[in-house]
Amino acid sequence: MSYSTILIFHIVTATIGLVAGAIALFSKKGTTLHKNSGKFFTAGMVMIGTAGATLAYMVSRPETLITGIMMIYLVGTATAAIKRKENETGLFEISALTLAISTAIAASYFGYAASNGEIQLTGRTPAGFYYFQATLLAFFSTLDIRVIIRGGVSGAQRIARHVWRMCLALLIAVTAIFLGNTHIFSDVIRNSNILFAPSLIVIVLMIYWMIRVTFTDLYRSAPTNETIGETNAETNNTLTIEAT
């Protein structure tokens, strides 16, 4: 596949992913609209990350390659958090942890190489950015280890894990497009600072949803089919006793 074909694919999937991500971010969590837009967003982010990583490899941009892998990792683990049953983990979580640790090691290597001028691949990117990527991935890995040791997450923590990882993947995509490619915009737009707006909106909404999920009872313990059945049975028994 040629460079131009991958680039077009990257642009198309980025558009789909951003639109779907915006809908999922603004819509109420748990609704059909949120679920469907979330599916398109997840697919879009995986394709964006894959295409971006491929382009980065072709043009020797390891920082973009690492970013693409990070996006795939984030949406993958965010989806797993909501798809898994409460307090459940498996091979996927271990595989994701391995990917995060391996990518963190790679980012650290490129940071070291950039700071010592050992390779030409990192000439345009400061070493600090690679170390920042490595730090983020190490932080994610620590949280994953905790989840695996605990045997999964439940309640509000499960929803929170899904929310912040999805939002962070969207933030990375939005920032890369609007702040990482300022040359595609006119001088008027670049000089107005409006390109910072999309990233700020995602950050604000991510904080809003994290507060709502974590500090309210809205998503703490949604009733399951089993508990609903038990509640109905208890209600029927109570009505029978009262009737007699």
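Phe215 lies in helix α8. At 65% relative accessibility, Phe215 counts as exposed, where exposed means over 50% relative accessible area, buried under 20%, and partly exposed in between (1.4 Å probe, protein chains only). Helices (H or I, at least four residues) and strands (E, at least two) are DSSP runs, numbered from the N terminus. This is a predicted model, in which local features need pLDDT of at least 70 and side-chain atom pairs count only at pLDDT 80 or more, while totals for chains, interfaces and linings use all residues. Residues are numbered from 1 along each chain as its sequence is written, and side-chain values use heavy atoms, with hydrogens and water left out.

Helix α8 covers residues 197-215. Its 19 residues, at 1.5 Å a residue, should span 27 Å, and the end C-alpha atoms are 27 Å apart, which agrees; the expected span is 1.5 Å times one less than the number of residues. Ser199, Val202, Leu205, Met206, Trp209 and Val213 are the buried residues of α8. Seen down the helix axis, these buried residues fall within an arc of 135°, so they line one face of α8. The arc is taken from the directions from the helix axis to the C-beta atoms. On the other side of α8, the exposed residues are Leu200, Val204 and Phe215.

Phe215 also belongs to a nonpolar surface patch of about 610 Å², made together with Phe196, Leu200, Ile203, Ile207 and Ile211. Patches are made of residues with over 30% relative accessible area and no salt bridge; like charges are joined within 9 Å, and nonpolar side chains (Val, Leu, Ile, Met, Phe, Trp, Tyr) within 5 Å. The accessible areas come from the Shrake-Rupley method with a 1.4 Å probe, and for residues only the protein chains shown count as cover.

The chain as a whole has nine helices and zero strands. Of its 244 residues, 37% count as buried. The largest nonpolar core has 42 residues, and Leu25, Phe41, Met45, Leu74, Phe140, Leu168 and Leu170 are those with the most contacts inside it. At least two residues of this core come from each of α1 (3-26), α2 (32-58), α3 (62-83), α4 (91-116), α5 (127-150), α6 (155-178) and α8. The largest share, 14 residues, is supplied by α6. A nonpolar core here is a set of buried Ala, Val, Leu, Ile, Met, Phe, Trp, Tyr and Cys residues joined through side-chain atoms within 4.5 Å.

Charged pairs come next. Side chains of opposite charge can pair when their charged atoms come close. The structure holds seven salt bridges, each defined as a side-chain nitrogen of Lys or Arg within 4 Å of a carboxyl oxygen of Asp or Glu. One of them joins Arg165 and Asp144, with the closest N and O atoms 3.0 Å apart. Arg165 lies in helix α6 and Asp144 in helix α5, so this pair ties together parts that are 21 residues apart in sequence. Both Arg165 and Asp144 are buried.

Another salt bridge links Glu86 and Arg158 (4.0 Å, N to O). Because Glu86 lies in the loop between α3 and α4 and Arg158 in helix α6, the pair connects parts that are 72 residues apart in sequence. Glu86 is partly exposed at 44% relative accessibility, whereas Arg158 is buried at 15%. Arg61 and Glu63 also form a salt bridge, their closest N and O atoms being 2.3 Å apart. Here Arg61 is partly exposed, with a relative accessible area of 23%, and Glu63 is buried, with 5%. Arg84, Glu88 and Glu93 are linked in a network of salt bridges.

The loop between α3 and α4 also holds Asn87. Most residues other than glycine have a negative phi. Asn87 has a positive phi of about 55° although it is not a glycine. With a relative accessible area of 48%, Asn87 counts as partly exposed. Asn87 and Ser154 are 67 residues apart in sequence, but 5.7 Å apart in space, C-alpha to C-alpha. Ser154 lies in the loop between α5 and α6 and is partly exposed at 27% relative accessibility. Asn193 likewise is not a glycine and has a positive phi, of about 65°. Its place is in the loop between α7 (187-191) and α8.
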